[in-house]
Amino acid sequence: MKRTTYAGLVDESFVGKDVVLKGWVQKRRDLGALIFISLRDREGIVQLVFSEEFSVDALAVADQMRSEYVVEIQGTVKARDAKTINADMKTGKIEVEVHNAKILAEAKTTPFDIEDEISVSDELRLKYRYLDLRRPVMQRNILMRSKITKATHDFLDEEGFVDIETPYLAKSTPEGARDYLVPSRVYPGSFYALPQSPQLFKQLLMGAGFDRYYQVARAFRDEDLRGDRQPEFTQLDVEMSFMDQDEIRELVGRWVARIMQDAAGVTVDPAAFPVLEWAEAMERFGTDKPDLRIAYELVDLNELAAKSEFGVFSSTVANGGAVKGITVPGGAEHYSRKDLDKYTQYIERFGAKGIAWVKVTEEGFNGPVAKFLNAQFAEITAAMDAKVGDLLLFVAAKADVVAGSLDYLRRDTAKTLGLIDESKWGFAWIINWPLFEHQEEEDRWIAAHHPFTMPNEEDLHFFNEGEDPHQAHAQSYDLVLNGYELGSGSIRIHTMDIQEKMLKALGFTAESAHEAFGFLLDAMEFGFPPLGGIALGLDRLAMILAGQDNIREVIAFPKNSKASEPMTEAPQPVSKQQIEVDLGLKAPVYAENDQPNMAEE
């Protein structure tokens, strides 16, 4: 039988019509002469009714059906009685009276229920990912991802962009994260690198005159994982020539608005996206990816702290540090001393030695440091717009430690107390980034974005002899949404002299620069247009629009937190033949029965 529609799409408009449906048995209720089957496919669930009245043969087939059997049926759509309507189902006003049925495949009992709400480990879900992906919530997530890429293709095609693929096997270049290396059989001892981004290739495409490029691009970075990061990920990648930063942001805003509308049915006004200087974002929120749905911000208290009776505050300011705080509305009642002690322990990871806190009461401050701060009660509450019942949290340390600590406390307290306005979409552009950042561990300067970012024109003098190029700021623009970096972009360097100065500031010699990026530098000598672009993270955007907290929930076959894949057990050791004979490398030596188990390592 040829399928006529999806189970989840059958609605009142089908009443009286015959349909052929195919899918999986979600549930079965046997009432003897009457059997109800919930049939599931990617679009949803519909109720099937089997009865001797409709077909004795079909009822006999239904008697054999069990959960996750693959079946096909033919029947007539009928309206449900008013008392049996299920308002929670998209198809809840109808049911299908089955006349013919066939079991296409049987199924053994699954290791977990194929339902949205399940209480099983992530490892078990990933081991049986093909079953996990049957769950309606996972199917919705993957379909959301598909809608995002379709909206991207539609919009960028309309705007004159050309979809061009760039290589997966490329040269290893020093771009920040560690490369995944691929050994060459043809050139023993030589390696390709999987691309961390298509950055250099898309710049070369602009030099080749394509003017507007895009790609749904795979990228690879061998780095530690977290909830919004995977070793392989997907970028919605664009590059364009002869456009300045304002023009690019305007176009990208319209693109994102199209995605929001087509994929999520949400209308946003890109002209209303706030534009914040990087320094302003750090000052107000302690982060370059602020969640603007949270109403309260960081408050600079240095002036009050300098004359405070609390020695920790006054000495921090005297030693060049910073004292800032946040006002948590209504937090006084919710947080116990034990809760706040946990916060103190947590922010040690940011380098903070502790939190000072007080609760605002009618009589004054209450808390461990209240006796030191009550003399400034009126000034502090006015500066922090604090009211009775609020909780005030303070951190005194180096500026970067204060920023990291209070950014975390702001986000976590808002989430805990339900103070995030979920009705809003917190878009913002963050511009005018520092061009460089200092890497403390190795005591060296690295590019804040990448080595091909154009400095602000007014900062080019910092690259002159005798000046410090590390003071320069970049023509860069990051798009953030709900506290996540959604995309990172910049105007690129398009002239040889500025690119060479940039690489010199990063510690490259003329020789090492040409060894790493000679093909790009050579290309610039043949006339490069002004250019710029951005890459949006598809995984992260899909995660946000699907209302998930982890990008694994919107990737069909993700890696776990150990960068392994439990279903196929990748990565795995390969044979000595492949390593030594085919690739000319030396195979690792393991003790007998001591092959590494990548799922556990």
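Contact here means heavy atoms within 4.5 Å. Helices (H or I, at least four residues) and strands (E, at least two) are DSSP runs, numbered from the N terminus. This is a predicted model, in which local features need pLDDT of at least 70, side-chain atom pairs count only at pLDDT 80 or more, and totals for chains, interfaces and linings use all residues. Residues are numbered from 1 along each chain as its sequence is written, and side-chain values use heavy atoms, with hydrogens and water left out.

View 1. Axes are lines fitted to C-alpha atoms, for helices over the stretch in contact, and angles run from 0 to 180 degrees between N-to-C directions.

**View 2. 5 strands close into a barrel.** Follow the order β1-β2-β3-β5-β4; the pairing is mixed. From one strand to the next, the twist averages 55°. Two strands pair if DSSP finds at least two bridges between them. Strand β4 (residues 70–79) and strand β5 (residues 94–105) run antiparallel, joined by 10 bridges. Look for Glu 72, which stands opposite Lys 102 in β5.

**View 3. The second largest pocket lies between domain 1 and domain 2.** A pocket is found on a 1 Å grid over the protein atoms alone: it is an open set of points with protein on both sides within 12 Å along at least five of seven lines. Lining residues have an atom within 4 Å of a point. Grid points are joined across faces, edges and corners, and a volume is the space filled by probe spheres set on the points. Here the volume is about 750 Å³. Of the 30 lining residues, Glu 43, Gly 44, Ile 45, Pro 136 and Arg 140 are the closest to the centre. Elements β1, β2, β3 and α4 (136–158) each give two or more residues to the lining. Helix α4 gives the most, with 6 residues. By class, the lining has 8 nonpolar, 7 polar and 15 charged residues. Ala, Val, Leu, Ile, Met, Phe, Trp, Tyr, Cys and Pro count as nonpolar, Asp, Glu, Lys and Arg as charged, and the others, Gly among them, as polar. Domain 1 (7–105) and domain 2 (138–169 + 196–274 + 449–553) both give residues to this lining, so the pocket lies between them. Domain bounds come from an automatic or database domain assignment.

**View 4. An open sheet has 5 strands.** The order is β12-β13-β16-β14-β15, and the pairing is antiparallel. At the edges stand β12 (299–300) and β15 (365–366). Each has a single partner strand, so one side of each is left without a neighbour in the sheet. Helix α9 (residues 311–318) packs on the sheet and touches β13, β14 (356–360) and β16. The direction of helix α9 makes about 40° with that of β16. Strand β13 (residues 322–328) is joined to strand β16 (residues 391–397) by 7 bridges. Ala 322 stands opposite Ala 397 in β16.

**View 5. The largest cavity has a volume of about 60 Å³.** A cavity is a set of grid points where a 1.4 Å probe fits but cannot get out. The structure holds 3 cavities of 30 Å³ or more. Residues lining the largest cavity include Leu 301, Phe 313, Val 323 and Phe 394. The lining has 8 nonpolar, 2 polar and no charged residues.

**View 6. Strands β18 and β19 form a hairpin.** Strand β18 (residues 436–439) and strand β19 (residues 444–447) run antiparallel, with 4 bridges. His 438 stands opposite Trp 445 in β19. The hairpin has 4 residues between the strands. Asp 443 takes a positive phi near 50°.

View 7. Phe 242 has a positive phi of about 60°, although it is not a glycine. A cis peptide bond joins Ala 570 and Pro 571, with omega about 0°.
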